[in-house]
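Here are my notes on the model, as numbered points. Please read them with the structure open.

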Amino acid sequence: ESNYPPSCGEEGQEREDVFSLYSLNLLVRRSMEQSLPDEYWVQAELSDVRVNSSGHCYLEFIQKDPRGNSLIAKARGTIWSNVFRLLKPYFEEATGQAFVSGIKVLVQVTVSFHELYGYSLIVQDIDPTYTLGDMALRRREILHQLEEEGVLTLNKELDMPRLPQRIAVISSPTAAGYGDFCHQLKHNSRNFIFHVELFSAWMQGDRVEESILSALDEVNARLKEFDVVVIIRGGGATSDLSCFDTYLLVAACAQFPLPVITGIGHERDDTVLDLVAHTRVKTPTAAA
């Protein structure tokens, strides 16, 4: 026999204790509005962040078990366009971190329940200092791991040639910084001759780590042809700098057998990549 109660009584009449789905959801909505009327600060990780043509941001908030990394909580989130167009640039300017999946945030939300779309959190505000703290913690963890592995200062300890003329440049071929770098070398006041070869890589977005590692592999395969490696970006959004803070990228540069010079084009903060490179300068022109 079915475990579900019949929807009608013996006479074929509707039972009074049966709700339509809409009625039950409406009851849930009213109950939540009464019991959770305030704004709440919530710590969570961003997931599945996407923005539609109207400028509304839809995402998921998740929490993972720190012991096993499995999900223990999840909620749908919404940032309406009138809030998102202010919140996104404010957050990215304050943190130097793009508003993307995978980062941890502290957001102020109201709890919402819609009869058709269900439970969600409506974002009203964000506290960038929480994300900055988490980013700083991850940076410290990377540096500590490299130190434990004995590779943190390896690149800094390499001898820099007095006049490195054979230069492997890792950059985007369309980056203004690459053009500035080449122009500066070509018009140097001593008329030195430099041989520059570009190894193309992405300098922003989610392919930075993969493409720079690939470029380093290409240089490593022709190690005797170069004196130094220069990684330059120039320009670009401050929010793209977090892609230079990944363990695999930083570890590869720290252990690279040629001196690495970074000129990523930002004034405020050093990335972890800057910290392990042989020489860090502010801009591509300064690198030249």
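1. Ring pairs, the criterion. Rings of Phe, Tyr and Trp (its six-membered ring) pair if their centres lie within 6.5 Å; planes under 30 degrees apart count as stacked, over 60 as edge-to-face and the rest as tilted. F84, F91 and F99 form one aromatic cluster.

2. Basis. This is a predicted model, in which local features need pLDDT of at least 70 and side-chain atom pairs count only at pLDDT 80 or more, while totals for chains, interfaces and linings use all residues. Numbering runs from 1 along each chain as its sequence is written, and side-chain values use heavy atoms, with hydrogens and water left out.

3. The aromatic pairs. Searching the whole structure gives four aromatic pairs. One of them is F84 with F99, edge-to-face, at 5.9 Å centre to centre and 65° between the planes. This pair links distant parts of the chain: F84 sits in helix α2 (residues 81-95), F99 in the loop between α2 and β4 (104-114), 15 residues apart. Helices (H or I, at least four residues) and strands (E, at least two) are DSSP runs, numbered from the N terminus. F91 and F99 are also edge-to-face, because their ring centres are 5.6 Å apart and their planes stand at 85°.

4. Buried means under 20% relative accessible area, exposed over 50%, partly exposed in between (1.4 Å probe, protein chains only). F84 and F99 are both buried. F99 has a relative accessible area of 5%, so it counts as buried. F91 is at 0% and is therefore buried too.

5. T131. What does T131 touch, not counting residues up to four places away in sequence? The list is F91, T95, K104 and V105; contact means heavy atoms within 4.5 Å. T131 lies in helix α3 (residues 128-148). Its relative accessible area is 1%, so T131 is buried. A polar atom of its side chain lies 2.8 Å from the backbone oxygen of K104.

6. Helix α1. Its 15 residues (21-35) should span 21 Å at 1.5 Å a residue, and the end C-alpha atoms are 21 Å apart, which agrees. The expected span is 1.5 Å times one less than the number of residues. Which residues of α1 are buried? They are N25, L26 and M32. Exposed Q34 and S35 are on the face turned away from the buried side of α1. The cover over the buried residues of α1 includes β4 and β5 (118-126).

Definitions and conventions:
Polar contact = N/O pair within 3.5 Å; in protein donor to acceptor, adjacent residues only side chain to side chain.
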